Structure formats: C-alpha cells, structure tokens
Amino acid sequence: MSAKSPKSETPKSEPPKSETPDPEGPGIVWRRNLPVWVVLMALLALSTWAAYWPYGRIDTAIGFGIAGAKTALVALVFMQLKHASGLVRIVAACGLFWAAILFTLTLADVLSRMANR
Amino acid sequence: MSRVEIEARLREPWSELETDPGTAFARQRDGATLGIWIFLASEVLFFGALFLTYTAARLAHPEAFAAAGRETNIVYGTLNTAILLTSSLTMAVASQAAETGLFRRLTLRCLAATAALGLAFLVVKGFEYREDIEKHLVPGAHFALDRGPAQIFFAFYWLVTVVHAIHLSIGIVLVVRLTVKGWRDPDILAENPQVEVTALYWHLVDLVWVFLYPMLYLPGRSG
C-alpha cells in the first residue's frame with residue numbers, strides 16, 4: 001500500500017490547502033450527492049404509491065425491488081463503494097454473499113414444505 | 001497536512017510500523033475503512049437473519065401479515081424513511097467534505113444536521129409507539145387483531161424497530177461526539193478517518209430501515 005490511498009483522490013484538482021477554499025468548493029460535494037437524494041425521494045414516493053395498486057404480489061415485489069435500488073444508490077455513492085478499493089468491495093460483497101446463502105438454503109426448505117402440503 | 005496535523009490523527013501505537021507518519025496515517029485510514037466494512041458485513045448477517053424469520057412467517061401466513069401490515073401507520077413510516085434518507089445525504093456530504101480537508105464549516109453543519117435528523121426520527125417513532133400501544137398492537141392478552149399469526153408480525157415489528165432504534169441511538173451519540181470534537185477544534189475533522197467510519201455505520205442503519213419500510217408499512221395496503 002502506498003501513502004496515497006484511493007480515497008485521497010478528490011474530484012478535480014485539489015486546490016492548495018488554505019483557510020479560504022475556492023468559492024465553488026463545497027458545490028462539488030453537493031453536486032455529487034444531491035441528485036442521488038432526489039432519486040431516493042422519488043423512489044420512496046413510488047414505492048408508497050405502488051403499495052396501493054391492486055396487483056397483490058406484484059406490489060410486494062415492487063416494494064422490495066425499490067428497497068434494493070435505494071440500497072445500491074446509497075452503497076455506491078453515499079458509502080463510496082464506487083471508488084473503494086477491491087478489498088473493501090470484496091468484504092461488502094461477502095456480507096451479501098453469506099446472507100444470500102442463508103436465504104437460499106432456508107427458503108429452499110420452507111418453500112418446498114409449502115409446495116408439498 | 002503538516003506533520004503535526006498528521007500526528008494528531010494517528011492512533012498509537014504506530015511506531016512499530018517503521019515508516020513515516022504520512023504512510024502510517026494512510027495505512028491507518030485504509031485499516032479503519034476495511035475494519036468498519038467487516039463490521040457492517042456482520043451486521044448484514046445479523047439483520048439478514050431477522051429479515052429471514054419475517055420472510056418465512058409471512059410466507060406461511062400471508063393474509064394475517066397483510067391485515068397486520070394495514071394497522072401500522074404509513075404516514076409515520078414514510079415520514080421516517082424520508083428523514084433517514086435525508087440524514088444519509090447530510091452524513092455523506094459531511095464525510096466527503098471532511099475527506100477533502102477543505103470545507104470545515106460544511107462538515108460541522110452537516111454533522112449537526114445528521115444528528116438532528118436522527119433525533120427527529122426517534123421523536124416520530126415515539127409518537128408512533130404511543131399510537132401502537134393505544135391501539136393494543138402489543139402482542140399479548142389484549143392484542144387488538146383476532147388473527148393469531150398477526151401477533152407474529154407485531155412481535156417482529158417491536159423487536160426489530162427497537163433493535164434499529166438502539167443502533168440509531170448509538171449512531172447519534174457517535175455523530176454528536178464528532179460534532180463536539182469538531183466544534184472545539186475545527187481542524188480535527190479534516191481527513192480524519194473517524195468521520196468516514198461513523199458515516200458508513202450511519203448509512204447501514206439507514207439501509208436497514210429502507211428494507212423495514214416495505215416489510216412493516218406496505219403489506220396489505222391494496223386489499
């Protein structure tokens with residue numbers, strides 16, 4: 001590992017450190033994150049509305065699908081997985097991987113019992 | 001950062017690393033990020049097991065879960081989801097602003113906003129709990145709904161929302177701690193890995209709620 005971690009690469013060329021950052025400075029951070037927040041709010045509104053559609057199970061699928069989309073946005077942009085090192089990404093994927101095994105094996109049992117009842 | 005500034009952020013002991021403070025600090029930053037992600041992966045499994053219990057019970061009792069889900073207050077639930085998603089925005093901005101080391105006031109304000117939004121969530125949740133108790137939605141002898149398995153839904157509701165509230169309270173304490181530290185010494189938050197670690201934990205607690213929202217508030221709305 002070098003002294004320069006991948007995280008220390010900030011967008012644009014970093015101005016020299018001073019007490020008065022360049023005027024459009026904080027705007028960079030907002031421009032990167034605010035659009036994600038707008039999309040998250042739109043997804044929340046959509047999932048609330050979709051829950052009232054008269055399609056039964058499809059409503060449930062939409063609800064959880066939107067939760068997955070929100071998770072992807074938060075993880076990639078807010079949690080900066082998009083710019084994370086390979087090691088960090090593997091660890092993050094491991095959590096989901098083991099959870100997937102937990103769900104697959106348990107639901108294989110539960111669903112096959114339900115189908116054979 | 002100057003050598004003095006870096007040394008203020010380094011965790012002891014680092015002298016065994018046999019390297020200069022700059023390299024040692026970069027390694028400690030990477031170590032902090034990796035460490036919190038390992039913890040978050042274990043949290044995913046902790047909440048994953050709870051969510052799986054819910055899934056199995058809901059598959060077995062779909063009608064009772066729809067009837068029970070209709071009883072939760074969707075206004076409070078949706079409001080709280082919006083509050084937490086917004087707090088993740090302010091937390092992300094605080095963390096990324098701290099990382100550049102340039103925008104001290106922005107970092108501090110966003111940290112304070114995050115803590116305030118976290119507290120707002122708990123206040124709304126408190127009002128919701130009061131309403132739930134008044135509606136006899138606590139499993140037990142005086143439970144309001146006649147369907148037996150609806151009690152499983154509300155047992156899960158109470159367990160998981162309380163566990164989530166405990167996680168959020170820990171997050172608020174951590175964010176307030178950083179805010180106080182940054183308020184006393186405006187330079188301490190710049191490039192400090194503690195901000196990123198706290199932020200990543202905060203986002204995970206938000207994501208847990210993102211999944212609880214369709215589990216607890218959306219079932220049975222169309223029926």
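Student: Which residues of chain B does UniProt place under the feature "transmembrane region"?
Tutor: The UniProt record, an unreviewed entry, gives that feature to residues 34-54, 74-94, 106-124, 155-178 and 199-218 of chain B; such positions are given in the numbering used here, feature names are shortened, and annotations may be inferred rather than shown by experiment. The model itself is predicted, so that local features need pLDDT of at least 70 and side-chain atom pairs count only at pLDDT 80 or more, while totals for chains, interfaces and linings use all residues. Residues are numbered from 1 along each chain as its sequence is written, and chains are lettered from A and ligands numbered from 1 in the order in which they are written.

Student: What makes up residues 106-124 and 199-218 of chain B, helix or strand?
Tutor: Helices (H or I, at least four residues) and strands (E, at least two) are DSSP runs, numbered from the N terminus. Residues 106-124 of chain B are 100% helix and 0% strand, with end C-alpha atoms 27 Å apart, and residues 199-218 of chain B are 90% helix and 0% strand, with end C-alpha atoms 28 Å apart. For chain B as a whole, the count is seven helices and zero strands, which reads along the sequence as α-α-α-α-α-α-α.

Student: Why is A:Trp53 called exposed?
Tutor: A residue is buried if 20 or more other C-beta atoms lie within 10 Å of its own, exposed if 12 or fewer, and partly exposed in between, with C-beta atoms placed from the backbone. A:Trp53 has 12 other C-beta atoms within 10 Å, and therefore counts as exposed. A:Trp53 lies in the loop between helix H1 (25-50) and helix H2 (57-78) of chain A. Leaving aside neighbours within four places in sequence, A:Trp53 is in contact (C-beta atoms, placed from the backbone, within 7 Å) with A:Asp59 and B:Ser222.

Student: How much of H7(B) is buried?
Tutor: Of the 24 residues of H7(B), 23 are buried, and the helix is mostly covered; in chain B, buried residues make up 45% of the 223 residues.

Student: What makes a nonpolar core, and which residues have the most contacts inside the largest one?
Tutor: The term means a set of buried Ala, Val, Leu, Ile, Met, Phe, Trp, Tyr and Cys residues joined through C-beta atoms within 7 Å. The largest such core has 81 residues, and B:Ala94 and B:Phe153 have the most contacts inside it. Helix H7 (residues 193-216) of chain B gives the most to this core, with 17 residues.

Student: Why does this core lie between two domains of chain A?
Tutor: Domain bounds come from an automatic or database domain assignment. Domain 1 (28-83) and domain 2 (85-117) of chain A both give residues to the core, so it lies between them. The centres of these two domains, taken over C-alpha atoms, are separated by 22 Å.

Student: How many residues does each chain bring to the contact between chain A and chain B?
Tutor: Chain B brings 47 residues and chain A brings 48. On the side of chain B that touches chain A, the largest share, 19 residues, comes from H2(B).

Methods. Contact = placed C-beta atoms within 7 Å.
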